[in-house]
Amino acid sequence: MEYKLMKEYEEIEILLEDIFTEINMRKRMKEVLQNFSLREGCVGEIKAILFKNDSDEYDLSQLKISLDDYHVLI
């Protein structure tokens with residue numbers, strides 16, 4: 001898997017809109033929000049929102065910046 005650090009607000013906004021539209025269309029919003037409250041991510045068809053605990057040591061080592069309890073991987 002390839003990771004890209006996104007810094008542009010517009011790019012992040014479009015990606016999040018795509019992910020949440022897909023989640024909403026699949027009627028999974030309640031499940032996803034419950035997972036987020038437990039700091040557990042969600043995976044769509046080709047996009048995901050992941051928390052630190054969703055990734056293993058190898059995945060975390062591939063990131064350009066460290067992932068902590070205050071940041072998510074989208």
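**View 1. Arg39 in the loop between α2 and β1.** Here we look at Arg39, which sits in the loop linking α2 to β1 (42–43); helices (H or I, at least four residues) and strands (E, at least two) are DSSP runs, numbered from the N terminus. Its phi is near 60 degrees, a positive value in a residue other than glycine. Most residues other than glycine have a negative phi. Arg39 counts as partly exposed because its relative accessibility is 41%; buried is under 20% relative accessible area, exposed is over 50%, and partly exposed is in between (1.4 Å probe, protein chains only). A quick word on the model: this is a prediction, so local features need pLDDT of at least 70 and side-chain atom pairs count only at pLDDT 80 or more, while totals for chains, interfaces and linings use all residues. Residues are numbered from 1 along each chain as its sequence is written, and side-chain values use heavy atoms, with hydrogens and water left out.

**View 2. Lys27 in the loop between α1 and α2.** Lys27 belongs to the loop between α1 and α2. Although Lys27 is not a glycine, its phi is positive, at about 55 degrees. With 75% relative accessibility, Lys27 counts as exposed.

**View 3. Where α1 crosses α2.** Helix α1 (residues 9–25) and helix α2 (residues 29–37) have axes that come within 8 Å and cross at roughly 125 degrees. Axes here are lines fitted to C-alpha atoms, for helices over the stretch in contact, and angles run from 0 to 180 degrees between N-to-C directions. That makes α1 oblique to α2; under 35 degrees would be roughly parallel, over 145 roughly antiparallel, 65 to 115 roughly perpendicular, and the rest is oblique. On the α1 side, Phe20, Ile23 and Asn24 meet Met29, Val32 and Phe36 of α2, where contact means heavy atoms within 4.5 Å. The residues of this contact split into 5 nonpolar, 1 polar and no charged. For that tally, Ala, Val, Leu, Ile, Met, Phe, Trp, Tyr, Cys and Pro are nonpolar, Asp, Glu, Lys and Arg are charged, and the others, Gly among them, are polar.

**View 4. Phe36 and its neighbours.** Phe36 is part of helix α2. Leaving out residues up to four places away in sequence, Phe36 touches Phe20, Gly41, Cys42, Ile49 and Phe51. Leu50 is 14 residues from Phe36 along the chain, with 9.2 Å between their C-alpha atoms.

**View 5. Ser55 between β2 and α3.** You'll find Ser55 in the loop between β2 (48–49) and α3 (57–61). Ser55 counts as buried, with 13% relative accessibility. Setting aside residues up to four places away in sequence, Ser55 touches Leu50 and Leu60.

View 6. Tyr70 lies in the segment after α3. Its relative accessibility is 73%, so Tyr70 counts as exposed. The C-alpha atoms of Tyr70 and Lys52 are 9.1 Å apart, though 18 residues separate the two along the chain.

**View 7. Stepping back to the whole chain.** The protein has 3 helices and 2 strands, and reading along the sequence gives the pattern α-α-β-β-α. Along its principal axes, the C-alpha trace spans about 35 × 25 × 20 Å. Of the 74 residues, 26% are buried. Among contacts between residues at least 6 apart in sequence, 33% join residues at least 24 apart.
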